[in-house]
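Thanks for coming, everyone. Please take a look at the model on the screen, and then I'll walk you through it.

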Amino acid sequence: MSSWPPAGQGDGALAADRLREVLEAVIALGSRFDLPSLLARLVEEAAGLVGARYAALGVVQDQRLVEFITYGITAEQREAIGTGPRGLGLLGLLVDNPRPIRLENMGEHPLAVGFPPHHPPMHSLLGVPVPGPDRALGNLYLTDKLDGTPFTAEDQQLVVTLAAAAAVAVRNAQLYAESERHLAWLEAAADVGQALLSRIDITDALRLVAHRARTGMSGDVAAVVLEDDAGQLVVEAVDGAGLEVGQVLDREGLLERVIESGRPATDDAAPKWLGQDERAQTVAVPFTGPGGADGVLVVVAPGDPILGQLPVDASMVELVRSFAVQAALALDRAQAQADRELLAVLADRDRIARDLHDMVIQRLFATGLMLQGAARMASPYEVVTRLKAGIADLDATIADIRATIFELHQGTGSNDIRVAIREVVQAATAVLGFAPSLVIEGPVATAVSDRLRPHLLAVLRETLSNAARHAAAGSVQVLVTARDGWVIVRVVDDGRGIASARRSGLGNLSDRANALGGTLVVEPGGVGQGEASDGRTRGPGTRITWRAPISA
């Protein structure tokens, strides 16, 4: 074993050609800015510099080997050897005492522990630490010169010089990666702001925030967690595996510290609700959600063992915090703009509703009164029948307009269930050949939950399709109401009757009702037999009543 030689000392001055080789190797390392690529090139250059058959770089973290980059060993050999070394024996000696070591025969050293099965035989050894600011970043191990001679002091000095240059190259690569990281976070914040300017939905915007936070840290999962009215922390958006939207998280620990202090916090392990690798790193920063809700942007990233540099450091935490602040401001501006637009829409709806009530309904009502008076004076039965049918149509039109006025006052957009119901009924017009009548009664908008909504719309589509394709109906009446703890859909037609109903479709309606704790009743007696207003003979008709509890 020899000690680390002072600069300029050794077995003699380095030959000019060998100095040139060192310089070329240093230049090759300096051109690499990707850290994994740089380290692989370092191992290769070290082996070529001293003519070693095998070379390796052991990355040290917390006084143990966490990564082992090899040269000269084939992929098949690595697979046969299995797991990498744990830093025992001579490898551990350099970890514990980071000073150069040179041996002619490793097997004769007291700390030699031998090689695992399928490992190629090795004899001579040259080990040199890669220096860092306050500790060795790793160790270079070179074995068995190609010419069969032992490593010399000159070889040692060459590798020491290369290791010193490599340390500088590694730091440059880290600085380059840090600048790239800053640029990536600036672009991420700009993307969120640009998306919100293009009127992206708030839910999609939160999902974009989580996505950009995860990719910015090369993380496993990122989530936007907001406090609800009950004080629970709920996952509002997630990118990655391990969490679900709507999941309630434990307030204790990292999330609670961020909420209470209003400052970022980190942990050297993944949160227990993820069950991730213990080497993972978690960073959580304050995040203000839409409407001023307190929340946290949390990102979980794997520990990066390359030269002991984990992706979560003070600069990374500041980048995530700055991104969260900018994203929250963009969300706040977008929410304010959406609120202003909604107020303008509601004001316009109020104006339209007033016009419909003051002008259209009054004129229709007056026309209906005039027709009623004409019906009393008319004598032919056919004339009276037609007048009464016209009056009934006017009454139905007035009811539709009043329902529309109510929706104009109450509805806030396409998510309103009443709007969706009308769209389904209107879509059935093309198939039926006429417009079904629709009545919506009661607080349907507040009674229909997100879980109940798709079932209700599916029931409407199925019953209207049945009336069009199998019942040959000429008139269909639809009633959707919420009362006494139930949401009720009733569809009545004047078609051929129950025998014509499609059983598979009725089975689906029954299954939906049973799944929600409701009922399905199919019975004869629709609009009623006799002559319809268009002269067509009515059939026995079918009445389908589907019910589900509001609590479903």
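Let's start with a pair of charges. D239 forms a salt bridge with R214, and their closest N and O atoms are 2.3 Å apart. By salt bridge I mean a side-chain nitrogen of Lys or Arg within 4 Å of a carboxyl oxygen of Asp or Glu. D239 sits in strand β7 and R214 in helix α6, so the pair ties together parts that are 25 residues apart in sequence. Helices (H or I, at least four residues) and strands (E, at least two) are DSSP runs, numbered from the N terminus. D239 counts as buried, at 15% relative accessibility. R214 is partly exposed, at 22%. Buried means under 20% relative accessible area, exposed over 50%, and partly exposed in between, with a 1.4 Å probe and protein chains only.

A word on the source. This is a predicted model, where local features need pLDDT of at least 70, side-chain atom pairs count only at pLDDT 80 or more, and totals for chains, interfaces and linings use all residues. Residues are numbered from 1 along each chain as its sequence is written, and side-chain values use heavy atoms, with hydrogens and water left out.

How many salt bridges does the rule give? The count is 4. Another of them joins E45 to R41, with 2.7 Å between the closest N and O atoms. These two are 4 residues apart in helix α2 (residues 35–50), which means about one helical turn separates them. E45 is buried at 16%, while R41 is partly exposed at 23%. E318 and R321 also meet in a salt bridge, 2.7 Å from N to O. Both lie in helix α8 (residues 314–377), 3 residues apart. E318 is partly exposed at 40%, and R321 is partly exposed at 29%.

Now the sheet. It is open, has 6 strands with antiparallel pairing, and runs in the order β8-β7-β6-β11-β10-β9. Which strands stand at the edges? They are β8 (248–249) and β9 (265–267); each has a single partner strand, so one side of each is left without a neighbour in the sheet. Strands pair if DSSP finds at least two bridges between them. β10 (residues 281–288) and β11 (residues 294–301) pair over 8 bridges. In that pairing, F287 stands opposite G295 in β11. Helix α6 (residues 202–216) packs on this sheet and touches β6, β7, β10 and β11. Contact here means heavy atoms within 4.5 Å.

α12 (residues 452–469) has 18 residues and should span 26 Å at 1.5 Å a residue; its end C-alpha atoms are 26 Å apart, which agrees. The expected span is 1.5 Å times one less than the number of residues. Among the buried residues of α12 are L456, H455 and E462. Just after α10, G433 takes a positive phi of about 90 degrees.

Two more backbone spots. Most residues other than glycine have a negative phi. D144, in strand β5 (residues 138–145), has a phi near 55 degrees. D484 has a positive phi of about 55 degrees. Buried or exposed? D144 is buried at 11%, and D484 is exposed at 70%.

Last, the whole chain. There are 13 helices and 18 strands. Of its 552 residues, 43% count as buried.

Conventions: Axes fitted to C-alpha atoms, helices over the stretch in contact; angles between N-to-C directions.
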